[in-house]
Structures are given as structure tokens and as C-alpha cells.
Amino acid sequence: MTTDPSSFLTALRLSDSFLPVGGYTTSYGLEQYINEDRVETGDDLRELLAAYLRRVVGPCETVALANAHAACADADLERLLAVDERLHAVTLPREFRESSTKAGAKLSELFGSNGTAGSNAGERNGHGHGASSDATEAATDGGEFATAVADAVDIGSTPGHYPVVFGVVTASRGLSRLEACLAHAYSFVSGLLGAAQRLGRFGHTEIQSVLERLEPTITEVCERHVDDEPAAMASFAPLAEIMGMNHERAGRRLFMS
């Protein structure tokens with residue numbers, strides 16, 4: 001099957017650090033690892049990010065994203081809110097919660113409340129050759145659901161975590177659940193690699209080498225957790241959480257988290 005060009009471009013846009021959601025300001029504890037000299041080599045960095053993927057991004061954020069995507073497909077707002085609330089409960093460091101909800105609010109503002117989420121949906125589902133009425137109706141419903149979620153985030157009735165909003169946006173834009181999970185995981189990894197580079201410990205070539213070596217882990221983690229139920233959502237990364245909490249009180253900080 002040929003990937004729909006509009007959906008593919010949406011995936012690229014969402015996984016690009018150029019997206020103005022504040023990802024440039026976050027390191028999710030990586031800055032503290034580097035400040036404490038716990039990450040010194042490219043292998044150290046790769047192992048740390050692989051652990052993030054397997055213990056946090058996969059079993060926690062990917063599960064939330066996939067279920068938010070499914071909730072959007074079913075237009076089930078109650079399920080969506082429950083997924084968002086559980087993700088909020090299992091994200092322990094305050095900085096991590098704040099980074100996620102701030103980014104989610106910005107993503108929701110960009111794609112949800114202004115109607116862009118469903119603006120080209122009919123053309124997208126018809127691959128540019130005239131969509132069926134059923135496909136057009138489904139896409140329109142996706143756009144309306146994204147707007148409803150954006151409204152809930154805006155009035156504070158749900159935390160609006162980034163993976164949850166990401167799931168809604170990608171569903172309303174025609175990406176499959178696995179494609180959405182892959183785009184999110186890639187974005188997470190590339191964001192932390194960008195943070196590591198800006199902290200001055202790693203050069204461009206080494207960063208690209210780490211990214212390439214992490215691609216199989218990204219795929220493995222997403223395929224493993226894409227079909228998990230919301231009740232399975234959990235993370236187990238005690239040291240990463242401690243680093244995040246220590247970062248809140250660090251004397252020198254370049255990043256918000």
C-alpha cells in the first residue's frame with residue numbers, strides 16, 4: 001500500500017523539532033544525567049534512551065497515545081478523558097507532567113480548536129480522487145472530536161498530556177495507530193538527542209549514529225505496546241524519575257525539565 005501523502009507529511013510535521021510546542025525547552029531529566037556525569041559517551045546516551053523507550057515511552061506514553069487514537073476513531077470522549085487522567089497519575093516527576101501538559105496544550109491549540117485537524121480530511125481519505133461519503137463523514141467526525149478535546153483542554157477539564165493530544169491529532173489526520181506511535185517515539189528520541197547536543201557533550205555525527213542505532217528499538221517498542229489496554233499503562237524508571245526531581249532543584253539549568 002502507498003502511504004497517503006497528506007498523512008505522511010503530517011507525521012513529518014509532528015515529529016519535527018520545528019513544531020512550536022515547547023519540545024526545544026525540555027530534556028526529561030537528561031540534563032541532570034549529564035550534569036552528574038552519568039552520561040559521558042555515545043554508548044551511554046544510546047543505552048539511556050533505549051531504557052527511556054522500553055520503560056517510559058513504550059509502556060506509558062505509547063499506550064496512552066494508542067488508546068487516545070482509538071478513542072478518537074470511536075468518538076469516545078469519556079474514554080479519552082480516562083486515558084488522559086491515568087497518564088497524569090502515572091507520571092510522577094512534576095517537571096515531566098508540566099512539560100507534557102504544556103506541550104499538549106500547544107499542540108491542541110495548533111491542531112484542535114482552529115479546525116485544521118479536519119480541514120483536508122475528505123481529500124485525504126479519498127487519496128485526492130474523490131472520497132466516499134462514509135470516509136468524508138468519518139474524517140469530519142475526527143475533526144469535530146479533536147475540537148471537543150481542544151475545548152476540554154482549554155477549560156481545564158482534562159490535563160491534556162502531549163501523547164494523548166498527539167493520538168487525537170494523528171487519528172483525525174489519517175495516520176494509523178502504529179504510524180502515530182512511531183512518529184511520537186521518534187520525536188521523543190530526536191528531541192532528547194537535540195538536548196544532548198546543545199548541552200555540549202556530543203557532536204552532530206555521534207548524535208546521528210546514536211539515532212540510527214536506536215531505530216530498531218523505536219520500532220520494537222511501538223509494535224509491542226500499540227495494542228495494550230489503558231489499564232496496562234505504567235512506567236518503571238526510578239533513576240530517570242529521581243533525575244527529573246533533582247533537576248527541579250538544580251543550581252544550573254538550560255532546560256525546563
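**A walk through an all-helix chain**

Among contacts in the protein chain between residues at least 6 apart in sequence, 83% join residues at least 24 apart. Keep that figure in mind as we go through the model, which is a predicted one.

Let's start with the overall layout. The secondary structure of the protein chain consists of 11 helices and zero strands, so reading along the sequence gives the pattern α-α-α-α-α-α-α-α-α-α-α. The chain has 257 residues, and 48% of them are buried. Its accessible surface comes to about 12000 Å², with carbon and sulfur atoms accounting for 51% of that area.

Next, have a look at the aromatic rings. A search of the whole structure turns up two aromatic pairs. One of them is formed by tyrosine 52 and phenylalanine 188, whose ring centres are 5.9 Å apart. The angle between their planes is 55°, and the pair is classed as tilted; the edge-to-face label would need an angle over 60 degrees. Where do the two partners, tyrosine 52 and phenylalanine 188, sit along the chain? Tyrosine 52 belongs to helix α3 (residues 42-73), while phenylalanine 188 belongs to helix α9 (residues 177-198), so this pair ties together parts that are 136 residues apart in sequence. Both partners are hidden from the surface by the cut-off of under 20% relative accessible area: tyrosine 52 is buried at 3%, and phenylalanine 188 is buried at 9%.

Now turn to helix α1, which covers residues 5-14. Its buried residues are Ser7, Thr10, Ala11 and Leu14. How are these buried residues arranged when seen down the axis of α1? They fall within an arc of 100°, so they line one face of the helix. On the face turned away from that buried side you will find Pro5 and Leu9, which are exposed.

Finally, consider the cysteines. A disulfide is a covalent bond between the sulfur atoms of two cysteines, and this structure holds zero of them. Is cysteine 222 buried or exposed? With a relative accessibility of 0%, cysteine 222 counts as buried. Cysteine 72 is buried too, with a relative accessible area of 5%.

Notes: Residues numbered from 1 in each chain as written. Predicted model: local features only at pLDDT ≥ 70, side-chain atom pairs only at ≥ 80, totals over all residues. Heavy atoms only, no water. Helix = DSSP H or I, 4+ residues; strand = E, 2+ residues; numbered from the N terminus. Buried < 20%, exposed > 50% of the residue type's maximum accessible area, 1.4 Å probe, protein only. Contact = heavy atoms within 4.5 Å. Areas by Shrake-Rupley, 256 points an atom, 1.4 Å probe, with all protein chains shown as cover. Phe/Tyr/Trp six-rings, centres within 6.5 Å; stacked < 30°, edge-to-face > 60°. Arc of directions from axis to C-beta. Disulfide = S-S within 2.5 Å.
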